[in-house]
Amino acid sequence: ENATGVEKYSTKDPAVTVVGGYDPEYDSTPATLSVSEGELELKAEATWLNCSAVNVTGGTLKINAVAFGKKVPISITGGKMQIPAGVVQRCATLTLGEKTYSAGTFGGKGSGAEYELEDYFVDGGGVLDVGRKGLILVVQ
């Protein structure tokens with residue numbers, strides 16, 4: 001919880017590594033967020049605009065709002081990412097498995113994304129908008 005008592009994240013036995021000294025009370029410290037097992041849920045209040053990289057190698061990373069700045073590279077080489085319906089999380093690049101993408105929208109089945117990939121995203125919900133500038137509307 002932060003100083004005002006707002007819960008920023010919850011875990012379900014995850015192996016979560018944050019490199020660079022991230023403190024959930026402050027979102028300005030550059031660091032890398034890695035999830036390798038279990039579940040890490042970033043609450044709607046947990047925006048981390050200065051995050052330098054996001055790596056999901058196992059388990060599930062759940063975000064409940066736009067959680068990272070648009071310049072962050074996101075890598076999902078194992079596990080999944082869950083994004084709620086109506087949320088468009090922008091990122092600079094997206095690595096899925098061994099392939100890196102620099103443009104497109106990605107999400108789970110039923111998300112309305114250009115690429116609906118069940119192996120990397122929880123079904124339904126929002127999308128990752130990779131490498132684009134401007135406004136993206138997702139109609140569901």
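# Reading an all-strand model, step by step

The protein chain exposes about 7,000 Å², and carbon and sulfur atoms supply 48% of that area. This is a predicted model.

User: I'm new here. How many helices and strands does the protein chain have?

Analyst: The count is zero helices and 14 strands. Read along the sequence, the pattern is simply β-β-β-β-β-β-β-β-β-β-β-β-β-β.

User: What share of the residues counts as buried?

Analyst: Of the 140 residues in the protein chain, 40% count as buried. As for contacts with a separation of 6 or more, residues 24 or more positions apart account for 34% of them.

User: Next, the core. Which residues touch the most other members of the largest nonpolar core?

Analyst: The general idea first: in soluble globular proteins, nonpolar side chains tend to be buried together. Here the largest nonpolar core has 27 residues, and those touching the most other members are Leu42, Leu61, Phe68, Ile74, Met81 and Leu94. Several strands each supply at least two residues of this core, among them β3 (32-35), β7 (73-76), β10 (93-96) and β14 (127-130).

User: Can we zoom in on one of those? What does Ile74 touch?

Analyst: Leaving out residues up to four places away in sequence, Ile74 touches Val54, Met81, Cys91, Thr93, Leu94, Thr95 and Leu128.

User: Okay, sheets. In what order do the strands of the open sheet come?

Analyst: In general, strands of a sheet pair through backbone hydrogen bonds, either parallel or antiparallel. In this model, four strands form an open sheet in the order β9-β14-β12-β13, with mixed pairing. The edge strands are β9 (88-91) and β13, as each pairs on one side only.

User: Is the pairing of β12 and β13 parallel or antiparallel?

Analyst: Strand β12 (residues 104-107) pairs with β13 in the parallel sense, over two bridges. Turn to β14 and the sense is antiparallel, with four bridges joining β12 to β14. There, Phe106 stands opposite Leu128 in β14.

User: Which residues lie on each face of β12?

Analyst: Gly104 and Phe106 are on one side, Thr105 and Gly107 on the other; all of them are buried, and both faces of the strand are covered.

User: Last topic: rings. How many aromatic pairs does a search of the whole structure find?

Analyst: Three. A pair of aromatic rings is described by the distance of the centres and the angle of the planes. Take Tyr101 and Phe106: their pair is tilted, at 4.9 Å centre to centre with 55 degrees between the planes. Phe106 counts as buried because its relative accessibility is 0%. Tyr101 also forms a tilted pair with Tyr115, at 6.2 Å centre to centre and 40 degrees between the planes. That pair links distant parts of the chain, with Tyr101 in strand β11 (residues 99-101) and Tyr115 in strand β13 (residues 115-116), 14 residues apart.

User: Why does Tyr115 count as partly exposed?

Analyst: Its relative accessibility is 38%, so Tyr115 counts as partly exposed; buried would need under 20%, and exposed over 50%. Putting the rings together, ring pairs link Tyr101, Phe106 and Tyr115 into a cluster.

Technical notes
Residues numbered from 1 in each chain as written. Predicted model: local features only at pLDDT ≥ 70, side-chain atom pairs only at ≥ 80, totals over all residues. Heavy atoms only, no water. Core = buried A, V, L, I, M, F, W, Y, C linked by side-chain atoms within 4.5 Å. Buried < 20%, exposed > 50% of the residue type's maximum accessible area, 1.4 Å probe, protein only. Contact = heavy atoms within 4.5 Å. Phe/Tyr/Trp six-rings, centres within 6.5 Å; stacked < 30°, edge-to-face > 60°. Pairing = 2+ DSSP bridges. Areas by Shrake-Rupley, 256 points an atom, 1.4 Å probe, with all protein chains shown as cover.
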